[in-house]
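Visitor: I would like to take a close look at one single part of this protein and then see how the rest is arranged around it. Could you please guide me slowly?

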Amino acid sequence: MASSTSVTPTQIPHVDHVGSLLRPQELIEKRVAFHTGQCTFEELRALEDEVVPKIIQMQKDLGLTVLNDGEVRR
């Protein structure tokens, strides 16, 4: 007999976030612009510098205790 994977309201599953987060669309577009010569590295870095604190805050808002930059600079 197969076991059930349902979670009752009194059970809280343990989840670890490991790895990259999805990059915001504006960062994807800026990275494309950089690779096609339409913006400078400094412009790309400035947007990354804006995005990272937002990603950290999102994780804090979700109650995560281990935070990461989501590897958006990769």
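What relative accessible area does L22 have, and does that make L22 buried or exposed?

Guide: Before I answer, please keep in mind that this is a predicted model, in which local features need pLDDT of at least 70 and side-chain atom pairs count only at pLDDT 80 or more, while totals for chains, interfaces and linings use all residues. Residues are numbered from 1 along each chain as its sequence is written, and side-chain values use heavy atoms, with hydrogens and water left out.

L22 has a relative accessible area of 83% and is therefore exposed (buried means under 20%, exposed over 50% and partly exposed in between, with a 1.4 Å probe and protein chains only). This residue belongs to the segment before α1, one of the 2 helices of a protein that has 0 strands (helices, H or I with at least four residues, and strands, E with at least two, are DSSP runs numbered from the N terminus).

Along the chain, L22 and E71 are 49 residues apart, yet their C-alpha atoms are separated by 9.1 Å. E71 sits in the segment after α2 and is partly exposed, because its relative accessibility is 27%. The phi of E71, by contrast, is positive and near 60°.

If neighbours within four places in sequence are left aside, V52 is in contact with D69, V72 and R73 (contact means heavy atoms within 4.5 Å).

Another residue of helix α2 is Q59, which counts as buried because its relative accessibility is 2%. With neighbours within four places again left aside, Q59 is in contact with L21, L64, V66, L67 and N68.

Now let us turn to the two helices together. The axes of α1, which covers residues 25-35, and α2 come within 9 Å and cross at roughly 165° (axes are lines fitted to C-alpha atoms, for helices over the stretch in contact, and angles run from 0 to 180 degrees between N-to-C directions). The two are therefore roughly antiparallel, a description used for angles over 145 degrees. From α1, the residues E26, L27, K30, R31 and F34 make the contact, and from α2 the residues F41, E43, L44, L47, E48 and V51.

Helix α1 also holds E29, which is partly exposed, its relative accessible area being 49%, and V32, which counts as partly exposed at 48% relative accessibility. The C-alpha atom of L44 is separated by 9.8 Å from that of E29, 15 residues away along the chain, and by 9.8 Å from that of V32, 12 residues away.

Seen as a whole, the protein has 74 residues, of which 19% count as buried. Among its contacts with a separation of 6 or more, 44% are between residues 24 or more positions apart. Its accessible surface comes to about 6000 Å², and 58% of that belongs to carbon and sulfur atoms (accessible areas come from the Shrake-Rupley method with a 1.4 Å probe, and for residues only the protein chains shown count as cover).

Key:
Parallel < 35°, antiparallel > 145°, perpendicular 65-115°, else oblique.
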